[in-house]
Amino acid sequence: MEKKKRFVKRSTVERIDADYIILLGQRSNGKSYCVKESVLIDAYKNDNEFGYLRRYDEDTKDYMIVEYFNDFIPDKLLEITNGEYDSISVYRKAIYFSCTNPETGKVERMKKIGNVFSLATYERYKSRMFPKITTLIFEEFITDNYYLPQEDKKLFSLVSSIARLRKIKVYCIGNTISRICPYFSNWQLVNIPKQKIGTIELYHVKDEDTGTTVTIAVYLTDTMKLNSGMFFGNSAKSIVSGMWETNEHPRLVGHKSDYNILYTLVFVYDMNMFLCEFLQSKKDYDNYTWFISPKNTPVQKDTRIVSNKYIFNPLATIGFRALNSREQTIFNYIRDKRICYSDNLTGTEFLQCYKMLL
């Protein structure tokens, strides 16, 4: 039986009592829609404003913001505003309720309801005041490309510039494309990789300096069968079903018992650990490969460690920096992509971590 469509409900999201609300799930299941609806209703009924945040400045062009609200124009917006406004316009990073002039067809700005921000330029906002903003929407906060250096600290700085001494609500919205996200590790959201779909988990983080507690909610939204008929194969799974995105990666030929293990190390990237074994084929001694699998047990003493952070250990390095000429030779196999993986998810996540080290 086909699974019933369950779009994310605004009432469910609004009931979440948290400072930061992370909404994860497949595309087109209503995550962004319900948040947009909530802030537009709040702007109209309560005269509050909201912030719209993207990572890079090139994603905050005025026309892009208008397009973000296209699914509300004009019918839904007329409903929300009791027929008063039928459009959204953006001018110099300010968002407005607007009306279409029936004679000229021109959209005219009426009431300011929000501001547009980019995280890469967070320092621009330090001296500005945004006293009416009560909600910040961070769209596409998960990426399978590059995050900004110390991105979570930049987000905190921006939130501080907007909120000052107030409390505001921050929505972080992302498709489930990657579990390698600095927010998950830096905010100690340890259950996300194993969280069940359709559930909400709360994390309470206490600031030892101020004694205040920040609450973070992670809502892994329901999945639905939403296929327009334009997607197929493994690459479609994250789009259609909301699964964590994976690419196809090489698998080991035969069984692991067909190989000699010549060298072992553990690659640690934030909360993610991988067991990396350099193998030689027992059938063809000139055939070498790295084999990467998840590491789910504690790292043993005297283990060679490669990490993205400094570890006080003579056997640990930041990145794949060789300790000797032998290591340099076998590390070249990684650079040449002579690697096999236990499964596609491991391959996808290992390569993303490795890419962020370069």
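The legends below describe close-up views of a predicted model.

**View 1. Helix H8 and its surroundings.** Helix H8 spans residues 325–335, and its buried residues are Glu327, Ile330, Phe331 and Ile334. Seen down the axis of H8, these buried residues fall within an arc of 110°, so they line one face of the helix. The cover over them includes four strands, S10 (259–269), S11 (272–281), S12 (288–294) and S15 (339–341). Helix H9 (344–357) is also part of that cover.

**View 2. The two ends of H8.** At the start of the helix, the backbone nitrogen of Arg326 has a side-chain oxygen of Asn324 within 3.2 Å. Just after H8, the backbone at Lys337 adopts a positive phi of about 65°.

**View 3. The largest nonpolar core.** This core holds 34 residues. The members that touch the most other members are Ile22, Leu24, Phe117, Leu136, Phe141, Leu155 and Leu189. At least two residues of the core come from each of strand S1 (20–25), strand S6 (133–139), helix H5 (151–163), strand S7 (169–175), helix H6 and strand S9 (213–220). Helix H5 gives the most, with 5 residues.

**View 4. Contacts of Leu155.** Neighbours within four places in sequence are left aside in this view. Leu155 is then in contact with Tyr20, Leu53, Leu119, Leu136, Phe138, Tyr183 and Trp187. In soluble globular proteins, nonpolar side chains tend to be buried together.

View 5. The bond from Ile73 to Pro74 is cis, and its omega is near -5°. Pro74 sits in the loop that runs between helix H3 (62–68) and helix H4 (75–80).

**View 6. Positive phi at Gln188.** Gln188 is not a glycine, yet its phi is positive, about 55°. The residue belongs to the loop between helix H6 (182–186) and strand S8 (199–206). Gln188 has a relative accessible area of 49%, which makes it partly exposed, because only values over 50% count as exposed.

**View 7. Positive phi at Asp270.** Asp270, likewise a residue other than glycine, has a positive phi near 55°. Asp270 is located in the loop between S10 and S11. Its relative accessibility is 22%, so Asp270 counts as partly exposed; buried would require a value under 20%.

Methods
Residues numbered from 1 in each chain as written. Predicted model: local features only at pLDDT ≥ 70, side-chain atom pairs only at ≥ 80, totals over all residues. Heavy atoms only, no water. Buried < 20%, exposed > 50% of the residue type's maximum accessible area, 1.4 Å probe, protein only. Arc of directions from axis to C-beta. Contact = heavy atoms within 4.5 Å. Polar contact = N/O pair within 3.5 Å; in protein donor to acceptor, adjacent residues only side chain to side chain. Core = buried A, V, L, I, M, F, W, Y, C linked by side-chain atoms within 4.5 Å.
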